[in-house]
Amino acid sequence: MIIPFIATDLREISGSALAYIGDSIYELYARCHVATRSCSQSGKMHKLTVKYVSAAAQAKAIRALESELTEEELGFFRRGKNSNSPTMAKNASPADYMYATGFEALLGYLFLENNETRLDYIVQKAFEVIDDEEQ
C-alpha cells in the first residue's frame with residue numbers, strides 16, 4: 001500500500017482534498033470488486049462499476065453506515081459533506097451529492113491515516129448496502 005505523506009495533521013487538509021483522494025480510492029476498490037466477480041469486457045465492467053460509484057449509491061451507503069462511525073470519522077465525513085463544491089453531479093440530488101462527498105472524504109481520511117483495516121471494512125459494508133438494494 002502507498003503510505004502517503006500529505007500533511008502531518010490530517011485536520012489541515014481540506015474536505016475537498018480528502019474527497020478527491022477518497023474518490024480515487026473508492027473507484028479502485030469498486031473496479032477490483034467488479035473485476036473479481038466478472039470476466040466480461042471492460043465496457044461491461046465499467047457499467048457494473050458505475051452502480052457502486054454513483055453519488056446516489058455512495059449516499060445510500062454512508063447513510064446506512066453513519067451510526068457505525070467513530071466521532072473522529074464523523075468529523076471527517078461532515079467536513080467533506082459540508083465543503084463547498086463548485087460542481088454538482090448531473091444525475092444526483094444536491095443532498096446525495098453532499099453525502100457522497102462526505103463519504104469520499106471519510107475514505108480519503110482513512111487512506112491517508114493508513115488505516116487499511118477500517119477502510120476495507122467501510123468499503124465492504126458499502127458494497128453490501130449497495131448490493132442489497134438490487135435484491
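From the N terminus on, the elements of the protein chain run α-α-α-α-α-α. This is a predicted model, in which local features need pLDDT of at least 70 and side-chain atom pairs count only at pLDDT 80 or more, while totals for chains, interfaces and linings use all residues. Residues are numbered from 1 along each chain as its sequence is written, and side-chain values use heavy atoms, with hydrogens and water left out.

**View 1. The whole chain, as a starting point.** The secondary structure comes to 6 helices and 0 strands. Helices (H or I, at least four residues) and strands (E, at least two) are DSSP runs, numbered from the N terminus. Buried residues make up 41% of the 135 residues in the protein chain; buried means under 20% relative accessible area, exposed over 50%, and partly exposed in between (1.4 Å probe, protein chains only). Among contacts (heavy atoms within 4.5 Å) between residues at least 6 apart in sequence, 71% join residues at least 24 apart.

**View 2. The largest nonpolar core.** A nonpolar core is a set of buried Ala, Val, Leu, Ile, Met, Phe, Trp, Tyr and Cys residues joined through side-chain atoms within 4.5 Å. The largest one here has 34 residues, and Tyr26, Leu106 and Ile122 touch the most other members. Two or more residues come from each of helix H1 (15–37), helix H3 (55–65), H4, H5 and helix H6 (116–134). Which helix gives the largest share of this core? H5 does, with 9 residues. Look for Leu106: leaving aside residues up to four places away in sequence, Leu106 touches Ile62, Leu69, Glu73, Phe77 and Ile122. As background, nonpolar side chains tend to be buried together in soluble globular proteins.

**View 3. Helix H4 against helix H5.** H4 (residues 71–81) and H5 (residues 94–112) pack at an angle of about 130°, with their axes 7 Å apart. Axes are lines fitted to C-alpha atoms, for helices over the stretch in contact, and angles run from 0 to 180 degrees between N-to-C directions. The two helices are therefore oblique to each other; angles under 35 degrees count as roughly parallel, over 145 as roughly antiparallel, 65 to 115 as roughly perpendicular and the rest as oblique. On the H4 side, the contact includes Phe76, Phe77 and Gly80, and on the H5 side it includes Gly102, Ala105 and Leu106. Its residues divide into 9 nonpolar, 3 polar and 3 charged. In this count, Ala, Val, Leu, Ile, Met, Phe, Trp, Tyr, Cys and Pro are nonpolar, Asp, Glu, Lys and Arg are charged, and the others, Gly among them, are polar.

**View 4. Helix H3 across helix H5.** The axes of H3 and H5 come within 8 Å and cross at roughly 70°. That makes H3 roughly perpendicular to H5. H3 brings residues including Ala59 and Ile62 to the contact, and H5 brings residues including Tyr99, Phe103 and Leu106. By class, this contact has 10 nonpolar, 1 polar and 3 charged residues.

**View 5. Two buried glycines.** Gly22 lies in helix H1 and, at 0% relative accessibility, counts as buried. Beyond residues up to four places away in sequence, Gly22 touches Glu104, Leu107 and Gly108. Now find Gly80 in helix H4, which is also buried, at 0% relative accessibility.

View 6. Not counting residues up to four places away in sequence, Thr49 touches Glu27, Ala30, Arg31 and Val34. Arg118 lies in helix H6 and is buried, with a relative accessible area of 18%. Under that sequence limit, Arg118 touches Glu68, Leu69, Thr70, Glu73 and Leu110.

**View 7. Asn114 in a loop.** Asn114 lies in the loop between H5 and H6. Asn114 has a positive phi of about 60° although it is not a glycine. Most residues other than glycine have a negative phi. With a relative accessible area of 35%, Asn114 is partly exposed.
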